[in-house]
Amino acid sequence: MWQENQKNQRKEKIVMNRKLLYCIVLLLFISNFSLAQKSKLYKSGKKTVSVPYADINDAFSINSNDFLAVSYHVKGLFRTNASVHSKAISKFNIYKFDDQFELIQKTSLQRDIYGKRVYFEKLLKFGDNTWLFFSYSNIDSKKNYLFIQKFDQHNLEIEGDPIKVAEMPYIRDRLNYGYYDFLISKDGKYLMIFGIYKYANSKNFFSKFKKQDEENKIQSTVWVLNDKIEIVNYVKKLNLKSISSNKLSVLDYAIGNDGSILLLGSEKLKEEKKKKFKIKKSIEDKIEAKKFVIVKVDTAGETKEYDFINKKISIIDMKMALNPVSGNIYAICLYSERLKGAKGVLNIELSYDDLSEINFDKLYFSDNLIKEANTRKTIFKKRKKTKEKEETEETEEKPKNKYLSKKDEVREDTLKNNEDIHSSNQEISNLSKVVHISFDKSGNPIVIFEKQWLEIVVESRTDSKGATTTTTTYHYYYDNVILCKIENSKISSNKVILKQGVIVNFKKSMGFDCIENDEKIILLYGDKTAEFDKVDLNTNLKNGRSYKETKYKILSYYKTKILAPNKMLVFKFKSKHRLELELIQIK
């Protein structure tokens, strides 16, 4: 009996150990599976839908599945960003789609002010309600008025009467119309309305006939509304110590959770007058240093500023963002020493309360990063009498010396062992734009830079009668993208995407689209998709680079709308009343 009891106890122990082992294995499998399923890129697939006028002026998500889309048109008028005056009534076609592009509901709203058409500005959710914004231009008073009206997103109906919330001067100029921009604070309690009634790069269709590389003076007015649609802050003219308000160009703006207005402005440095030369057939846009200033205007009207003029550094471009973890202001700058490219990054952290400087980091780009970023995908043709062959190769933009010294050979050997070393005076050529700033869960900034440059081609032709016509074409190039993560006052990780996008006679802020969540950043350019992990910038690209990418065209009929920070709607023109839609999001 005693021996049998011992055998039974041993069997029970073996069974219990096996069960425990199975549980541990199962838990490990579930944890690994959940980690692997943290974030994934989801594409709905393309679907062609019928939309009048084959355009979407605005769209936003109303929940995790459904979204609203607005198509605006006035019959008989060419639709532009201008406020063209007519007695015709404006028609807003609003559609509700699910994530599979099945039409749930649609409506057609007709709006007018004093019997005249109005221009659609924005449809957004602010507070507990959805609001429809539209503007009207009065020629006699030379004023442009902005109205707001409540919109029921469930029944797709407007409620109540329109309320005038803003106004700005109406400048009748065929090439330069004003417009409004909208920004909601992170906590959703304040809405910033940015009214720009004169700006440098026109959004109008006719702007393709106008030179766009000149940075003109920008005149604007800013309003801040609370959730009760009451004006709590207002800025029209700034009296700054460092830069004259008449010479200030507003490049970026943000709104704090207390209703404060944050503006980032610049002014070109004064240059000596140079002799005028004839325009060559191909001219590359040169990088120029600028003065920068950050301005904060609180709800009490008190103004504070932080300038970058006294810093003995040539700043090329700059962007600011509010850190969601610390609440401070981060200013990321590209700086140069020879004004032929970017030498490194300035990481500046400012206190949100008084704009006092908390941290100032001058970070160099490593030699490896400069060498990799200066690699460019090029397509060249070997012309022969019989055939033209296309070949693709990688070239380094800066030519190498014919002979290398021993010091250079030693330095190249050390570069292989140390990626962070910086020992040369080289710069990343044409790197002139800070495109986007993001933050990881710990509040470390992740910055996206892009090479942007302009080529002007002037062609003169003489016909048989001796008449000469000159044609000027502007080629805007959007080349390699660089991602840098700044951690502990240094560039902890970086990645380079080799690409070359081009668009003719039209300028964009960047050559790609970007969506993100707490874990990933997704870049979309051409027909490519690049995923980056926010922890260490791990990517789905081979060695972090898109080797297969060559030259691609940025198409004017390819448009995107950001529905949410992690969701984007892509639509392409197919025919007069048909659009091809695709939904891209991170789940």
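A strand, as the word is used in these legends, is a DSSP run of E of at least two residues, and strands are numbered from the N terminus. Keep in mind that this is a predicted model.

**View 1. S137 sits in strand β9.** Is S137 buried or exposed? S137 counts as buried because its relative accessible area is 4%, and the cut-off for buried is under 20%. The side chain of S137 also has a partner here: it makes a polar contact with the side chain of N144, at 2.7 Å.

**View 2. Strand β9 pairs with β8 in the antiparallel sense.** Zoom in on β9, which covers residues 129-138, and you'll find seven bridges linking it with β8. Across this pairing, K122 stands opposite F133 in β9.

**View 3. Four strands make up an open sheet.** Their order is β8-β9-β10-β11, with antiparallel pairing. At the edges are β8 (119-126) and β11 (157-169), each pairing on one side only. From one strand to the next, the twist averages 25 degrees.

**View 4. The largest nonpolar core has 25 residues.** Which residues touch the most other members? They are L334, F365, L431, F449 and I482. Several elements give two or more residues to this core, including β21 (314-322), β22 (329-336), α2 (367-373) and β31 (468-486). The largest share, four residues, comes from β29.

View 5. In soluble globular proteins, nonpolar side chains tend to be buried together.

Definitions and conventions:
Residues are numbered from 1 along each chain as its sequence is written. This is a predicted model: local features need pLDDT of at least 70, side-chain atom pairs count only at pLDDT 80 or more; totals for chains, interfaces and linings use all residues. Side-chain values use heavy atoms; hydrogens and water are left out. Two strands pair if DSSP finds at least two bridges between them. Axes are lines fitted to C-alpha atoms, for helices over the stretch in contact, and angles run from 0 to 180 degrees between N-to-C directions. Buried means under 20% relative accessible area, exposed over 50%, partly exposed in between (1.4 Å probe, protein chains only). A polar contact is a pair of N or O atoms within 3.5 Å; within protein, one must be able to donate a hydrogen and the other to accept it, and residues adjacent in sequence count only if both atoms are side-chain atoms. A nonpolar core is a set of buried Ala, Val, Leu, Ile, Met, Phe, Trp, Tyr and Cys residues joined through side-chain atoms within 4.5 Å.
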